[in-house]
Amino acid sequence: MVIAGRIQRYIFLQCLISLMMTLGIILLAILLVVVGIAGTILPALPGLPLVFAGMLLAAWAGDFQQVGVPMLVVLGVLTVFSLAVDFW
């Protein structure tokens, strides 16, 4: 009985740690997207690459369930295209 309780506590703590890591990654992704959107207005910040990095991080945190690889490829191509137009 004591061993079963310890195993349950260990499994619970592992799930809690995993959840906290996922939430931390999602919060970092949200921060990157918000700073990236601000960067589209402020000239000192690279806006579009930050938005793309935030979306990539959010997709990775969600195991590419909501945002899939094809959508990330489209976003990446649009990001590269917009950077080329911006610097051209």
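Helices (H or I, at least four residues) and strands (E, at least two) are DSSP runs, numbered from the N terminus. This is a predicted model in which local features need pLDDT of at least 70 and side-chain atom pairs count only at pLDDT 80 or more, while totals for chains, interfaces and linings use all residues. Residues are numbered from 1 along each chain as its sequence is written, and side-chain values use heavy atoms, with hydrogens and water left out.

**Stop 1: A59**

Select A59, which is found in helix α2. A59 is buried because its relative accessible area is 3%; buried means under 20% relative accessible area, exposed over 50%, and partly exposed in between (1.4 Å probe, protein chains only). Next, show its contacts, where contact means heavy atoms within 4.5 Å. Neighbours within four places in sequence aside, A59 is in contact with F64, V67 and L72. For a distance label, pick the C-alpha atoms of A59 and V69: they are 8.5 Å apart in space, and the two residues are ten apart in sequence.

**Stop 2**

Move on to D63, in the loop between α2 and α3. The phi of D63 is near 55°, a positive value in a residue other than glycine. D63 counts as exposed because its relative accessible area is 58%.

Then select F64, also placed in the loop between α2 and α3. Its phi is near 55° too, again positive in a residue other than glycine. With a relative accessible area of 33%, F64 is partly exposed. F64 is one of the residues that A59 contacts.

**Stop 2: T79**

Go to T79 in helix α3 (residues 69–87). Is T79 buried or exposed? T79 is buried, since its relative accessible area is 13%. Not counting residues up to four places away in sequence, T79 touches L48, P49 and F52.

**Stop 3: the largest pocket**

Select G39, T40, L45, P46, G47, L48, P49, S82, L83, D86 and F87, which line the largest pocket. The elements giving two or more residues to this lining are α2 (47–61) and α3. Which element supplies the largest share of the lining? That share, four residues, comes from α3. The volume of the largest pocket is about 160 Å³.

The pocket search uses a 1 Å grid over the protein atoms alone: a cavity is a set of points where a 1.4 Å probe fits but cannot get out, and a pocket is an open set with protein on both sides within 12 Å along at least five of seven lines; lining residues have an atom within 4 Å of a point. Grid points are joined across faces, edges and corners, and a volume is the space filled by probe spheres set on the points.

**Stop 4: V35**

Select V35 in helix α1. V35 counts as partly exposed because its relative accessibility is 29%. Leaving out residues up to four places away in sequence, V35 touches L45 and L50. L45 is among the residues lining the largest pocket.

**Stop 5**

L16 is found in helix α1 (residues 2–39). At a relative accessible area of 37%, L16 is partly exposed.

**Stop 6: Y10**

Finish at Y10, found in helix α1. Y10 is exposed, with a relative accessible area of 54%. The C-alpha atoms of Y10 and L78 are separated by 45 Å, and the two residues are 68 apart along the chain.
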